Amino acid sequence: MPLQKLSRVPADLQAVPGTDSVRLEVPQLGSRLVARLDSGGLVLRGTWAQPGLRAPLVLRHAALPAATASVATLSRPYREEKVLLSNFAARLKLAGTLTVPAGAGPFPAVVLLSDLGAQDRDGHPAEQPEGGSAVRPYPLLSLLADYLTRHGVAVLRMDDRGVGQSEGNNATATPAQRVGDAQAALNFLRTRPEVDLLHLGLIGHGEGANVALLAAAQPLPPAFVVSLAGYGLPGFETLQAQQTAALQAQKLAPAQLDVRLRRLATLAELVRYSTNLDQTQAMIANLLRQDEPDLPPATIQARAAAQLTPWHRAFLAFNPLEKLEAVQVPVLLLSGLADEQAPPAQHQAALEKELRDNGNRAVVGQRLPGVNHLLQPPTNQWIVLDGEPRPIVAPALLESLKTWLAAQTKK
């Protein structure tokens, strides 16, 4: 199954006694196919069933191609190229991958922009969180690029600053500086003969969505913007809401919860209004020491320093609604109702209102049931490979994205 990147999954195939039908079971996927032979035994017509899906399926017999190798591999139906581009204003080189559909083109094209945190071009975190992570590797940007390229859109995705082959430092990259990276990527694509310059857009996830909207407020904007789980509240409010939800999930005693929340609010205020960074780092270290007295001194200092990176300070001060009055290109706002990091009732609603109140009549908003901040569907809809559930991008989101992009590229 090339679209799901599945191969060599155990299956059981049996003839249905007394009929010209067969039954194929794939236990690991909870799926089955019941089909009957047709056209002299060269066609199987039936119904494929899996959790949440029933669809007609036709399999046609074809002779195996001659091959000298014992194992055949499936090549992707598009061209993939590693590229290096320049952000001249920042004097940085950024590395990425460009995927181009088969054919002569020119094709509509997009640049993918990642969420907060250092990520490589596929969407993997550059560093594991402290203490490791139980989260499965999930190449969101790679999956989006594969899907869109298969549907006729050229896609550029990049390593964040300081990741992979890209120069710079992600910890110092504020949203405003990331706008320069997005503009550099757009300008790079404008030099490519395979790209339709009139249908060149930005697709951002999380903070990347806000970067895309900021870029659309600048001269020489993209032709369109897609916001995937973008933030609509100021960074300070967003952080407070996330920390409150995380602590509430720990089911702390009310008094303990109140103390922890007040300490976190104080910490954020110290960072937000810091003037003397050395003094502020000492104050934060003291606060952390009082909150967790068993932490080693080196860990306390490292955590205090991390609170004062240029990116974190800029995030707390960032208001995603500023400058949206200058965004007059078509915008698609997509969020999931299971998004706990940027709940759409607050974040997407704020973006929609601000864009429309400022006269943008080409704004479309959709909120998808069951989809989380990583754009994944509920776990019971994930694929199962080697007996393990593997995360996927929500099919409903991909379909909405494809349909909206197709409408933009016809204009």
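Visitor: Which elements each supply at least two residues of the lining of the largest cavity?

Guide: The general idea comes first. Rolling a probe the size of a water molecule over the atoms shows where empty space is left. In this model, which is predicted, β8 (107-113) and α2 (175-190) each supply at least two residues of the lining of the largest cavity.

Visitor: How many cavities of 30 Å³ or more does the structure hold, and how much space lies in the largest?

Guide: There are three cavities of 30 Å³ or more. The largest holds about 150 Å³ of space. Its lining has 13 residues, and M158, D159, D160, R178 and D181 are the closest to its centre.

Visitor: How do the residues of that lining divide into nonpolar, polar and charged?

Guide: In the largest cavity, six lining residues are nonpolar, two are polar and five are charged.

Visitor: What lines the second largest cavity?

Guide: That cavity has a volume of about 40 Å³. Its lining consists of E207, N210, Y231, L233, G235, T238, F315 and F318, of which four are nonpolar, three polar and one charged.

Visitor: Now the rings. How many aromatic pairs does a search of the whole structure find?

Guide: A pair of aromatic rings is described by the distance of the centres and the angle of the planes. Here the search finds three pairs. One of them joins Y231 and F315, edge-to-face, with 6.5 Å from centre to centre and 80° between the planes. Y231 lies in the loop between β11 (225-228) and α4 (235-249), while F315 lies in helix α8 (residues 310-317), so this pair ties together parts that are 84 residues apart in sequence.

Visitor: Are Y231 and F315 buried or exposed?

Guide: Both are buried. For F315, the relative accessibility is 7%, and under 20% counts as buried.

Visitor: Why is the pair of W311 and F315 called stacked?

Guide: Their ring centres are 5.2 Å apart and their planes are at 20°, so the pair is stacked; the cut-off for stacking is under 30 degrees. Both residues lie in helix α8, four residues apart, which is about one turn of the helix. W311 is also buried, at a relative accessible area of 18%.

Visitor: Which residues form one aromatic cluster?

Guide: Y231, W311 and F315 form that cluster.

Visitor: What lies over the face of F236?

Guide: R272 does, at 4.2 Å from the ring centre.

Conventions. Residues numbered from 1 in each chain as written. Predicted model: local features only at pLDDT ≥ 70, side-chain atom pairs only at ≥ 80, totals over all residues. Heavy atoms only, no water. Phe/Tyr/Trp six-rings, centres within 6.5 Å; stacked < 30°, edge-to-face > 60°. Buried < 20%, exposed > 50% of the residue type's maximum accessible area, 1.4 Å probe, protein only. Lys NZ or Arg CZ within 6 Å of the ring centre and 35° of its normal. 1 Å grid on protein atoms, 1.4 Å probe; cavity = no way out; pocket = protein on both sides within 12 Å on 5 of 7 lines; lining within 4 Å. Points joined across faces, edges and corners; volume = space filled by probe spheres on them. Nonpolar A, V, L, I, M, F, W, Y, C, P; charged D, E, K, R; others polar.
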